[in-house]
Number of protein chains: 2
Amino acid sequence: MTMNNQAVERGVLAAVLTPIGENMAPDLSLWVNRCRWLLDQGCDGLAVLGTTSEANSFSVKERLGMLDALAENGIPGNVVIPGTECCALPDTIALTQKAMEIGAAGVLMLPPFYYKPVTDKGLFEAYSAVIDGVADDRLLIYLYHIPQNSGVPITFGLIEKLRKAYPNTVVGIKDSAGDFANMEGMIKNFSDFRVFSGSDAFLLDILRAGGAGAITACNNICGAQSAQVFANWQNDNADTLQQAVHDVRSIIQKFPLVAALKEVVAQSTGEPGWRRQRPPLEPLKEKEAALLMEQLASVGFTMRK
Amino acid sequence: MTMNNQAVERGVLAAVLTPIGENMAPDLSLWVNRCRWLLDQGCDGLAVLGTTSEANSFSVKERLGMLDALAENGIPGNVVIPGTECCALPDTIALTQKAMEIGAAGVLMLPPFYYKPVTDKGLFEAYSAVIDGVADDRLLIYLYHIPQNSGVPITFGLIEKLRKAYPNTVVGIKDSAGDFANMEGMIKNFSDFRVFSGSDAFLLDILRAGGAGAITACNNICGAQSAQVFANWQNDNADTLQQAVHDVRSIIQKFPLVAALKEVVAQSTGEPGWRRQRPPLEPLKEKEAALLMEQLASVGFTMRK
């Protein structure tokens, strides 16, 4: 397993899937092994407990247990950036404190996502309350802009307020809205602000624009290919390497995201349990699964074992 | 306090506000007193822990404590319909079991609201998993259609599936989307299905259409007026009585909902703590508060003490 004393600040991170056991609880053993495998593939870090991880479908207790499992099984905290934001402040604080306890490189934080519309001032107060509540100088927050799920966008105005008040804490963002102009704008507007693309489509583009890298769902299956882009982004072969990532992503995005990725992992590991999801998410139907695998094969995709 | 042996099935319910103490925790004593006051005003029931209650801003532990406080303070369970749905299945089950424990008349259930879009099949599985997990024949579920917050609508197709599978459990809905045609459609399409309007605007209309009543935020301050509409909806003075409710609502809706209602309660009770909200929600600014009170006075509104 790749070891690194320096906390991950840029590169290629996987938005790690969560395997679910027959009892519908997270399968911690399968999960920790997969985390190791992702690092071995060349992923610079593990964005666990995010959207792709079905984090919001797990209770706070279950999520705390998952973070403990990482530490207990020797996954170094400095490559881990867990999602910790919930709708309720005490939950967000508890999860963020646990992230600090395991030495996480940072945390990925949604805005509280039930109430909408809300003001930037209200969101600033929400993030402030978490920062004050966690009360840990080591805390590094990556904001999480994914309005298609949260319904609550992270505006430039909010980033500016937070950067001004907490320049050493609010250090970056994951932008999963899929609009590259927004990512470029943040890189230009906010110095020393680490902008990660939430989509593989922009991995090479964002590196060329001065961004930090990509935190993506597809890295669950093509982390090795993304790592190649990151290693070679200034080289002549960069576009060719990016195309390989793009090919996979353009197929995956035709299917429900978590279901498609879990299907590929189930097939490539021979562990059918990987298909399980908590409702309301559902596994692919057999026909869809066959179509997905056929299309991936047609672009020459094979997941490294 | 009004006592009633029959669990509330129709009428006028308040979507009860949650007072917050200086420590930012729910002020249980102020809250229980307010619950009693609302029943004394003529509300038929208490929809606690819903959107207006800021329920999703409180942890599951805090919410369990609130339900316990109702029982410990003698609020009869048969007038209480708490919101119990969270994004995570174990949380929803725990809260719903607690609701059963205190003898709640039913529970109000959002769909899991982080993932979108999701299929009716996925949502059906989510509700099924709760019903199976709670495993209590007394359970009565009112679905909660509020797509402007949840991002996940409750379709006729989903209602049909649920009614077919659980005719004695899925007994009604609160429709807060503000489209009366949708409410009428549900009343016509689903027999013995209790349709509550989530807006005061349609209280009289929905009663005339054969609906069950209204579960609304404004009933925190005009429950007495709404109770008059319910008592007289077949009488000649019904429209005049409805107009009084409508007057209040049409003013309140110009302001952020929870903030406006908390302002009115703070002013009328002399308890400034009522203004507190958990971020990202914010109290009204002083100017807004003055304007709100002025406008309410202009329509002759005074809250009964």
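## Terms and model

Helices and strands here are DSSP runs, numbered from the N terminus. Keep in mind as you read that this is a predicted model.

## The sheet of chain B

Let's start inside one copy. Chain B holds an open sheet of seven strands in the order 2-1-7-6-5-4-3, with parallel pairing. Strand 2 (45-47) and strand 3 (107-109) of chain B stand at the edges with a single partner strand each, so one side of each has no neighbour in the sheet. From one strand to the next, the twist averages 30°.

Helix 9 (residues 219-232) of chain B lies across strand 1 (11-15) and strand 7 (213-216) of chain B. Helix 9 runs at about 175° to strand 1 of chain B.

## How the two chains meet

Now for the pair. The contact takes 31 residues from chain B and 31 residues from chain A. On the side of chain B that touches chain A, helix 4 of chain B gives the largest share, six residues. That side divides into 17 nonpolar, seven polar and seven charged residues.

A rotation of 180° with 0.0 Å of shift along its axis superposes chain B on chain A (RMSD 0.0 Å). The two copies are thus related as by a two-fold rotation axis. Of the residues of chain B, B:G151 comes closest to that axis, at 3.8 Å (C-alpha). The same surface serves both copies, as 100% of the contact residues of chain B recur in chain A.

Conventions. Residues numbered from 1 in each chain as written. Chains lettered and ligands numbered in written order. Predicted model: local features only at pLDDT ≥ 70, side-chain atom pairs only at ≥ 80, totals over all residues. Contact = placed C-beta atoms within 7 Å. Helix = DSSP H or I, 4+ residues; strand = E, 2+ residues; numbered from the N terminus. Nonpolar A, V, L, I, M, F, W, Y, C, P; charged D, E, K, R; others polar. Least-squares fit on C-alpha atoms with pLDDT ≥ 70 in both. Pairing = 2+ DSSP bridges. Axes fitted to C-alpha atoms, helices over the stretch in contact; angles between N-to-C directions.
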